[in-house]
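Here is a friendly walk through one protein model, meant to be read with the structure open beside you. We will go from helix contacts to domains and then to the ligand.

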Amino acid sequence: MILDRLSLINFKNITEEQLSLSRGINCFVGDNGAGKTNILDAIHYLSMARSMHTSTDTQSVRHGEEGFIIDGRFERDDERPEQIVCAYTRRSGKTLKRNGKEYDKLSDHVGGIPIVVVSPGDTALISDSAEERRKYINRFISQSDRTYLSALMRYNATLQERNKLLKCSPSEDMLLIYDTMLSAAAETIFARRTETIAAMQPLVEHYYGILAEERETIGIEYRSEVQETPLMELLLQSRQKDFVNEYTSVGLHRDDILFSIGDYPLRKFGSQGQQKSFLIALKLAEYTLLAKSSGEKPILLLDDLFDKLDMRRVAHLLRLVGGDMFGQIFITDCNKHRLERTLGEAGAEYKLFNIAAGTATTL
Ligand SMILES: Nc1ncnc2c1ncn2[C@@H]1O[C@H](COP(=O)(O)OP(=O)(O)OP(=O)(O)O)[C@@H](O)[C@H]1O
Ligand SMILES: [Mg+2]
């Protein structure tokens with residue numbers, strides 16, 4: 001998937017901008033607060049119909065304006081052109097159009113423009129609770145698998161109902177109905193999580209090895225209560241406890257993914273650079289799997305590339321993503337000279353944009 005042209009109106013600090021992009025590496029350089037990440041976020045909107053940060057659509061409208069428009073002209077790997085326009089107004093909300101036709105549901109678009117993002121905020125995946133990691137794996141699998149997304153929605157809705165029921169002394173019969181529904185949805189979710197994490201494991205190891213010159217080993221492992229006992233049985237066992245606590249205390253909503261470095265938890269024993277390298281390896285593994293399932297090379301966004309990485313790791317990364325395995329790439333950095341020098345050494349083809357106060361100039 002290649003983004004040829006990007007036009008923006010009143011998106012965050014960008015008043016109006018039209019960018020003609022390279023099919024290889026696109027670099028946005030400029031000072032803090034210039035608008036580099038904002039451009040990546042606009043590209044994210046075209047793929048996922050929302051910001052890559054927690055910010056709401058309203059926060060993405062330039063201060064004092066009524067709405068924003070993001071217009072992207074893409075070319076698919078089979079050379080078919082595609083136009084995606086995401087527009088938002090404070091008054092009437094968000095619309096997304098593909099080749100001029102508006103989607104009924106925004107979620108129908110997800111997966112159409114595959115994308116993988118590496119950003120400084122990813123550290124929450126390592127430092128925060130298991131919920132962050134579940135959200136990550138859910139988003140990832142949902143991009144390429146509708147049945148997973150619908151099973152997940154069913155599971156969450158049933159869980160909510162079950163928890164509501166537990167608060168008002170329910171009949172055992174009613175609980176049994178919910179338990180059966182939960183177990184059915186859980187089967188799909190558990191199978192896909194198991195399969196996906198197993199497929200990621202060797203890829204994450206491979207990419208980490210390249211970045212770290214095989215200096216240390218890392219691991220990734222899926223942990224779920226249903227690995228030992230079927231969910232139906234677990235729910236039955238915990239029923240009395242659930243009555244007392246008034247919530248469902250077992251299930252896939254307690255799953256976790258363990259990240260390790262040299263057999264120790266990455267969160268406690270990985271340095272900042274090692275953690276960042278791990279996150280990049282994880283995202284490159286995601287990229288590889290997504291490319292395979294979608295049949296399309298995803299767009300790769302690398303925000304604040306040099307943050308916490310030493311020059312050797314950056315050079316390895318650029319050589320890797322500049323290769324045939326990867327498609328179009330977007331990179332941001334504050335230091336133009338550093339980025340130019342490293343790209344030159346990696347021998348990659350690139351286009352450089354200088355960003356200042358929300359305006360881009362080609363360098
Ligand atoms: N809705 C908005 N309207 C106007 N300006 C906005 C809006 N939202 C964010 N900004 C401005 O955008 C700028 C931040 O842009 P961005 O995050 O892209 O910076 P950056 O170039 O990536 O900087 P850094 O190098 O620090 O990461 C800030 O100056 C912020 O005030
Ligand atoms: Mg930024």
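Two residues are in contact here if their C-beta atoms, placed from the backbone, lie within 7 Å. Helices (H or I, at least four residues) are DSSP runs, numbered from the N terminus. This is a predicted model, in which local features need pLDDT of at least 70 and side-chain atom pairs count only at pLDDT 80 or more, while totals for chains, interfaces and linings use all residues. Residues are numbered from 1 along each chain as its sequence is written, and chains are lettered from A and ligands numbered from 1 in the order in which they are written.

**Two helix pairs**

In the contact of α4 with α10, F140, Q143 and S144 of α4 meet E286, L290, S293 and S294 of α10. That contact divides into 2 nonpolar, 4 polar and 1 charged residues (Ala, Val, Leu, Ile, Met, Phe, Trp, Tyr, Cys and Pro count as nonpolar, Asp, Glu, Lys and Arg as charged, and the others, Gly among them, as polar).

The table sets out the geometry of both pairs. Axes are lines fitted to C-alpha atoms, for helices over the stretch in contact, and angles run from 0 to 180 degrees between N-to-C directions.

| Helix pair | Angle | Axis distance |
|---|---|---|
| α4 (residues 130–144) and α10 (residues 272–294) | about 20 degrees | 9 Å |
| α5 (residues 146–166) and α6 (residues 172–211) | about 150 degrees | 9 Å |

Angles under 35 degrees count as roughly parallel and those over 145 as roughly antiparallel. Helices α4 and α10 are therefore roughly parallel to each other, and α5 and α6 are therefore roughly antiparallel. The contact of α5 with α6 involves, among others, Y148, L152 and L159 of α5 and L175, Y178 and L182 of α6. Its residues divide into 14 nonpolar, 3 polar and 4 charged.

**Two domains**

The protein is divided into domain 1 (1–114 + 296–363) and domain 2 (130–293), with bounds that come from an automatic or database domain assignment. Their C-alpha centres lie 29 Å apart. Where they touch, 16 residues of domain 1 are in contact with 13 residues of domain 2. On the domain 1 side, helix α11 (residues 311–321) gives the largest share, 4 residues. That side divides into 8 nonpolar, 2 polar and 6 charged residues.

**Around the ligand**

Which residues are the closest to ligand 1? They are N13, N32, K36, T37 and N38, among the 17 residues that surround ligand 1 (a residue is near a molecule if its C-beta atom, placed from the backbone, lies within 6 Å of it). Helix α1 (residues 36–48) gives the most to this shell, with 3 residues. The shell residues divide into 3 nonpolar, 10 polar and 4 charged.

Technical notes:
Parallel < 35°, antiparallel > 145°, perpendicular 65-115°, else oblique.
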